[in-house]
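Me: Could you walk me through this fold, one question at a time?

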Amino acid sequence: MEIIPISRVKSIIEFRLDQLLDTIASLLRSNIISIPIIVDKKSMTVISGHKLYAALKTLGVKRIPITWEESEEEIKITLDELGFYEDIKPSKTRVFKNTLELLYLNWPTPLVKLTSLSNNKFNVWAKLESYNPFSNSIKDRVGWYMIKDALSKGVKFDLLYEATSGNTGVALASISAILGVKVKLFVPQVIQKVTDTYLKIIGADVVRVSKSLTVEFLDEVETWAKRDKALNLNQFENNANFLVHLRYTAKGLDLQLKDNNIKPSIIIGGIGTSGHMSALSLYFKNRYRDKIQLVAVQPSEGEKRSHQRGDQYSQEGRNTNRFKLWSRYSSHKETRKS
Ligand SMILES: Cc1ncc(COP(=O)(O)O)c(C=O)c1O
């Protein structure tokens, strides 16, 4: 058995994300790889262990255990030994070679103890996603990863479309401006007018759609994208808006908790597309072997809050389906509050 960089190995078999979730869940739970992946020496392609290879790649490990031929050898390699946490590599000196690095080389975002809410029974910690540089929200991660994912798959595009009520739009407009790509954002009528001005200053085209952000709204954007030969990223159905949280948001938080000996009992978060809570749910329920509770908070239908930019929460049909698919591994608790 040898441990070699995962980048040296290819696989001709591709899996859909839902086909990999069981393997990902069991890897997170056991933290151990017990069978090496069999690789052809000449072509460096996987002969056996395709699913394990794909799951390890999805989890972002840097190295994999391989063997060149079938063997009975029992191994016990931990994810940590394979560079599982190396995705989270903050710049020590805080010098960044371009503005995009300011996003992913600055992770993890701070975790701060809220002393006024803590007492001798429990401590409350807040994850400050507002430290992300573009939209000052968790949505920078999604904007970055959807574009990165499309580029890494070789998808050709020079125009991006996205339905958004704010933060994803700001993230995409900023990142597109850095990469020199045009972006058109479709914003529901209910959002305050200043959003348009802000998005336009960053360089996006903005189209107001006289609907709230519903499934029909998304279908229309998809139709317009096809007509205009644009790439519709669609955060509501794009797997990159789950994978970025699995690979970076969850892993970063896990590392912060581990390094500071914090034992979480509950993680609470709000859901829009459900991207981050479903990934956190899959990750923490398996990593912490069900000794943790995940609470996803969703506002009541039609509720509008002055501090929030949109009503993407009316996107219920779709995000609930996806939430169910991903969270079947995580026995989360969903809470509705009006
Ligand atoms: C600031 C902020 N936090 C959280 C969310 C919800 O996150 P998610 O789409 O991962 O459910 C959104 C938007 O939906 C948001 O703008």
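This is a predicted model: local features need pLDDT of at least 70, side-chain atom pairs count only at pLDDT 80 or more; totals for chains, interfaces and linings use all residues.

Me: How many helices and strands are in the chain?
Reply: Both are DSSP runs numbered from the N terminus, helices being H or I with at least four residues and strands E with at least two. Counted that way, the chain has ten helices and 15 strands.

Me: What percentage of the residues of the chain count as buried?
Reply: Burial is judged from C-beta atoms placed from the backbone: a residue is buried if 20 or more others lie within 10 Å of its own, exposed if 12 or fewer, and partly exposed in between. Of the 338 residues of the chain, the buried share is 38%.

Me: Is P36 buried or exposed?
Reply: P36 is found in the loop between β2 (32-33) and β3. Its contacts (C-beta atoms, placed from the backbone, within 7 Å) are M1, P65, I66, T67 and I75, leaving aside residues up to four places away in sequence. Because P36 has 22 C-beta neighbours inside 10 Å, it counts as buried.

Me: Which residues have the most contacts inside the largest nonpolar core?
Reply: A nonpolar core is a set of buried Ala, Val, Leu, Ile, Met, Phe, Trp, Tyr and Cys residues joined through C-beta atoms within 7 Å. The largest one has 64 residues, and helix α8 (residues 240-259) gives the largest share of this core, eight residues. Leaving aside residues up to four places away in sequence, I64 touches I4, I6, V9, I37, Y53, L56 and L82. The residues with the most contacts inside the core are Y53, I64, L280 and Y283.

Me: In the open sheet with the order β11-β10-β9-β12, which residue in β10 is the bridge partner of Y161?
Reply: This sheet of four strands has parallel pairing, with β11 (205-209) and β12 (231-232) as the edge strands. Strands β9 and β10 pair over five bridges. The bridge partner of Y161 in β10 is K184.

Me: Which residue in β12 is the bridge partner of L160?
Reply: Strand β9 (residues 159-163) is joined to β12 by two bridges, and the two run parallel. There, the partner of L160 is L231.

Me: How many of the seven residues of β10 are buried?
Reply: β10 is mostly covered. The number of its seven residues that are buried is six.

Me: Which helix gives the largest share of the shell around the ligand?
Reply: The shell has 13 residues, counted as near if the C-beta atom, placed from the backbone, lies within 6 Å of the ligand. The closest are S137, G272, T273, G275 and H276. The largest share, three residues, comes from helix α9 (residues 275-287).

Me: Is M44 buried or exposed?
Reply: M44 sits in the loop between β3 and β4, and its phi is near 55°, a positive value in a residue other than glycine. Because M44 has 12 C-beta neighbours inside 10 Å, it counts as exposed.

Me: Where is the cis peptide bond from W107 to P108, and what is its omega?
Reply: P108 is found in the loop between α3 (101-104) and β7 (111-113). The peptide bond from W107 to P108 is cis, with omega near 5°.

Technical notes
Residues are numbered from 1 along each chain as its sequence is written. Two residues are in contact if their C-beta atoms, placed from the backbone, lie within 7 Å. Two strands pair if DSSP finds at least two bridges between them.
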